[in-house]
Amino acid sequence: MGKHLVFVGGGHAHLTALSKLGDYIARGHRVTLVSPIVRHYYSGMGPGMLSGIYAPHEIRFNVKKLAEDRGAQFVLGKVTRVQPDDQILLLEDGSEVPYDVVSFNTGSYVPVDLIQGGMDNVYPVKPIVNLLKARKAILDAIAGGGTPRLVVLGGGPAGLELTANIWRLVHRNQGKSSITLVTGSKLLPAFAEKARALALDSLKRRGIEVLEGVRVGRVEDGAVAFTNGQSVPYDLVFPAIGVRSYAIFRDSGLPVTEDGSMIVTRRLNSTAYPNIFGGGDCISLEDEKLDRVGVYAVRENPILYKNLMAALEGGEMDLFTPQKVYMLIFNMGDGTGIFVRKSWVWSGRPAFMLKDYVDRSFMKKFQVSGEREDTRDYPEG
């Protein structure tokens, strides 16, 4: 007798399994995808969408269509808790979804604990769909001929790419603005010094102010206050300070890390409940701390696909072995990229061309037909 496999979220780590749902269904299993959104946006191309390099339809997956075309049920909703002993998912609207095996790829969010005022002029970098709202807000701000003060918070790759692509958006629309990047300790602290130097040079050549060695204490209405007593005014602010997992796992009593990520084995299942799986930013390995980079979610794809089948039917599971060295390319918004692979660092147009090729190839592999035409809900698209 078939079992019920449920996917929660249609993120990067689930894409291989979602594209092969027919394999589960052909063996008599029922499949459901629960997601709060119909379209999942690819974070690696998010800054490029903000600046206009990519249209919205070029960087998103229609996960509803992906599931339904392969015979699965799609449920539009948000899972708020798991009852692991009863094998039931509780949704925000009060409904329940039972499961035999479940896999989570719910991503992460940028915490806004530091926001003391309203959120009207605050645009966190995640979820990625926020960047559509940020794009509109920036275009509206420069439309009147003024010089809006745009402040980005976060010295990691997300903050860097966001800043560089805000500059492109303003520049390509003949606008003026004051752009400031607040980095915390320093820009790109986890990377080789050459990467930091190239990034600083690129930003400063464009007149972007980079504030290193200052930490954000709070964000008030109209000003970002630092822990040293200083502050910087803003018209629009874009937090890209760290990420956290949603509260689902902690609220459900599952083993979690300090940031709320579900702790999993190398088989990508919970250390406490073997029939609960996960991938991407919402999980942490029990024996190794990983950087929050998309390359791991992509590498988890085939592991989840095989292990979910094994969980349904029995059989040996594969182990996820994270690669020690991986490539990152930062989109600098001016047609160039910064290539980083451990100590191998270089910049230029070929770097962005390589990133663009890799990203477009990934999208082409999993996008469904008709995505280009379906832009009704996204006037920016």
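Which strands and helices are included in what covers the buried residues of H5? I opened the notebook with that one.

**Ground rules**

I am working on a predicted model, where local features need pLDDT of at least 70, side-chain atom pairs count only at pLDDT 80 or more, and totals for chains, interfaces and linings use all residues. Residues are numbered from 1 along each chain as its sequence is written, and side-chain values use heavy atoms, with hydrogens and water left out.

**Entry 1: helix H5**

I took helices (H or I, at least four residues) and strands (E, at least two) as DSSP runs, numbered from the N terminus. H5 covers residues 130-143, which is 14 residues. I found 20 Å from its first C-alpha to its last, close to the 20 Å expected at 1.5 Å a residue. The expected span is 1.5 Å times one less than the number of residues.

Next I looked up burial in H5. Buried means under 20% relative accessible area, exposed over 50%, and partly exposed in between (1.4 Å probe, protein chains only). Asn 130, Leu 131, Leu 132, Ala 134, Arg 135, Ala 137, Ile 138 and Ile 142 are buried in H5. The cover over them includes strands E3 (39-41), E10 (149-153) and E16 (236-239). Helices H3 (46-51) and H6 (157-172) are also included in that cover. Contact here means heavy atoms within 4.5 Å. Just after H5, I noted Gly 145 with a positive phi of about 90°.

H5 lies across E10 and E16 and runs at about 155° to E16. Axes are lines fitted to C-alpha atoms, for helices over the stretch in contact, and angles run from 0 to 180 degrees between N-to-C directions.

The sheet is open, has four strands in the order E12-E11-E10-E16, and pairs in parallel. Strand E12 (209-212) and E16 stand at the edges with a single partner strand each, so one side of each has no neighbour in the sheet. The twist averages 15° from one strand to the next. Two strands count as paired if DSSP finds at least two bridges between them. Strand E11 (residues 178-184) pairs with E12 in the parallel sense over four bridges. Val 182 stands opposite Leu 211 in E12. I also checked helix H7 (residues 193-205), which lies across E11 and E12 at about 140° to E12.

**Entry 2: the antiparallel three-strand sheet**

I then turned to another open sheet, with three strands in the order E6-E7-E8 and antiparallel pairing. Which strands stand at its edges? They are E6 (79-83) and E8 (96-98), each with a single partner strand, so one side of each is left without a neighbour in the sheet. The twist here averages 25° from one strand to the next. E6 and strand E7 (residues 88-91) pair over four antiparallel bridges. Arg 81 has Leu 90 in E7 as its bridge partner.

**Entry 3: strand E1**

Is strand E1 enclosed or open? Five of the five residues of E1 (residues 4-8) are buried, so the strand is largely enclosed by the rest of the structure. His 4, Val 6 and Val 8 are buried on one side, Leu 5 and Phe 7 on the other. E1 pairs with strand E2 (residues 30-35) in the parallel sense over five bridges. His 4 stands opposite Arg 30 in E2. E1 also runs parallel to E9, joined by four bridges. Phe 7 stands opposite Ser 103 in E9.

**Entry 4: aromatic rings**

I counted 12 aromatic pairs in the structure. Rings of Phe, Tyr and Trp (its six-membered ring) pair if their centres lie within 6.5 Å; planes under 30 degrees apart count as stacked, over 60 as edge-to-face and the rest as tilted.

Phe 61 and Phe 362 are edge-to-face, at 5.9 Å centre to centre with 85° between the planes. Phe 61 lies in strand E4 (residues 60-62) and Phe 362 in helix H10 (residues 349-366), so the pair ties together parts 301 residues apart in sequence. Phe 61 is buried at 1% relative accessible area, and Phe 362 is buried at 11%.

Phe 104 and Phe 249 are also edge-to-face, at 5.1 Å and 80°. This pair links strand E9 (residues 101-104) with helix H8 (residues 248-251), 145 residues apart. Phe 104 and Phe 249 are both buried. Tyr 42, Phe 61, Phe 362 and Phe 366 form one aromatic cluster.
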